[in-house]
Amino acid sequence: MSIPSPSASWQFFDFTGWLDSAFGISLPFTLKIHAYAVCILLGIVAAVLVTNARLNRRGAERWVIIDLAIWCVPFGIVGGRFFHVVSHPDDYFGAGKNILTVFYVWEGGLAIFGALAFGAIGAILGCWQTGIRLSVFVDALAPGLMLAQAFGRLGNYFNHELFGTPTTLPWGLKIESTNAAYPVGLPAGTLFHPTFAYEILWNLFGMAVILLINRNVKLEWGKTFALYLLWYGTGRMWFESIRTDYSELFLGVRVNVWVAFLAVGLGVFIFYVQSRRHTGLVPSAYVPGKGPNEAGFAPVITGEVDHPEVDSIAESADEDDDHSAVGATAKTTA
């Protein structure tokens with residue numbers, strides 16, 4: 001039942017080599033399509049589709065997620081790479097190291113916590129541009145983000161990286177002894193915890209839990225995202241504790257463990273503060289005054305109203321004879 005590592009030939013597809021051998025076309029450059037990069041791209045597409053559907057159900061315009069993703073994805077990739085390099089400096093700096101490998105994202109090495117931190121900057125800018133409430137966006141994003149992370153961990157499997165400590169469990173992962181990350185002193189054939197698989201299952205299960213909770217409880221104002229931080233941070237603390245790859249330590253504990261702990265604390269803080277500040281539902285997916293400028297547009301209020309601008313919109317809609325029904329709905333449900 002042990003899990004074999006995929007063949008090294010699966011790590012990338014040499015597109016230029018294939019053109020040369022199949023059609024005799026020789027290109028002056030080399031283009032390789034890496035399995036890790038494909039997994040990351042599939043994860044981004046999956047997250048975009050899931051988030052788009054959830055935003056639409058909250059009243060956002062169709063495919064506004066594209067405008068948001070244009071900001072979030074580049075920031076997230078840069079942040080993920082930056083955090084990984086900072087937490088693994090010996091892999092990129094020092095004697096005999098090629099500093100240009102810092103930019104070789106396709107070879108693996110995107111830290112989710114760095115992606116979240118920098119991606120948050122992109123989310124703020126994207127929400128500012130589109131008028132979408134930041135809390136609505138991150139709540140809609142949470143399940144899709146977990147799905148994207150699951151795809152990303154599959155990429156780690158193809159790269160033969162981020163495996164755990166030795167194990168005698170029947171589902172142990174086989175890693176070739178020639179792997180640069182293979183622990184010194186261990187005999188060939190040693191099995192390791194497949195931490196990539198653990199995290200895939202944890203993320204998919206967490207996604208299912210969040211979707212199930214959202215069907216029965218309206219966790220809005222950022223509280224769904226807070227639940228994501230709690231779920232992922234808790235799991236990540238354990239995954240990090242059994243990983244063997246080198247990482248920077250702080251007070252004898254891996255940096256990623258500390259950051260996972262902070263993620264859990266941030267999740268608790270967001271949930272507590274937002275629960276006290278907002279006892280009702282989000283009145284609109286858009287910030288007051290930033291909704292779609294379409295003829296006949298008037299928001300349908302389904303929760304608490306804590307913005308005077310929303311009240312004025314509802315009242316003006318009620319006074320408009322052409323849209324009295326929409327205005328009445330907005331006032332009644334408010």
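Residues are numbered from 1 along each chain as its sequence is written, and side-chain values use heavy atoms, with hydrogens and water left out. Because the model is predicted, local features need pLDDT of at least 70 and side-chain atom pairs count only at pLDDT 80 or more, while totals for chains, interfaces and linings use all residues.

**Cysteines**

With a disulfide taken as a pair of cysteine sulfur atoms within 2.5 Å, the count comes to zero. Cys-72 is in no disulfide, and the nearest cysteine sulfur, that of Cys-127, lies 7.0 Å away. Both residues in the table are buried, a term that stands for under 20% relative accessible area (1.4 Å probe, protein chains only).

| Residue | Relative accessible area | Nearest cysteine sulfur |
|---|---|---|
| Cys-72 | 15% | Cys-127, 7.0 Å |
| Cys-127 | 6% | Cys-72, 7.0 Å |

**Cavity**

A search of the whole structure finds one cavity of 30 Å³ or more, where a cavity is a set of points on a 1 Å grid over the protein atoms alone at which a 1.4 Å probe fits but cannot get out, and lining residues have an atom within 4 Å of a point. The largest cavity has a volume of about 30 Å³, and its lining consists of Arg-153, Asn-156, Leu-162, Thr-195, Phe-196, Glu-199 and Arg-243. At least two of the lining residues come from each of α5 (134-158) and α6 (195-216), and α6 gives the largest share, three residues; these helices are DSSP runs (H or I, at least four residues), numbered from the N terminus.

Notes
Buried means under 20% relative accessible area, exposed over 50%, partly exposed in between (1.4 Å probe, protein chains only). On a 1 Å grid over the protein atoms alone, a cavity is a set of points where a 1.4 Å probe fits but cannot get out, and a pocket is an open set with protein on both sides within 12 Å along at least five of seven lines; lining residues have an atom within 4 Å of a point. Grid points are joined across faces, edges and corners, and a volume is the space filled by probe spheres set on the points.
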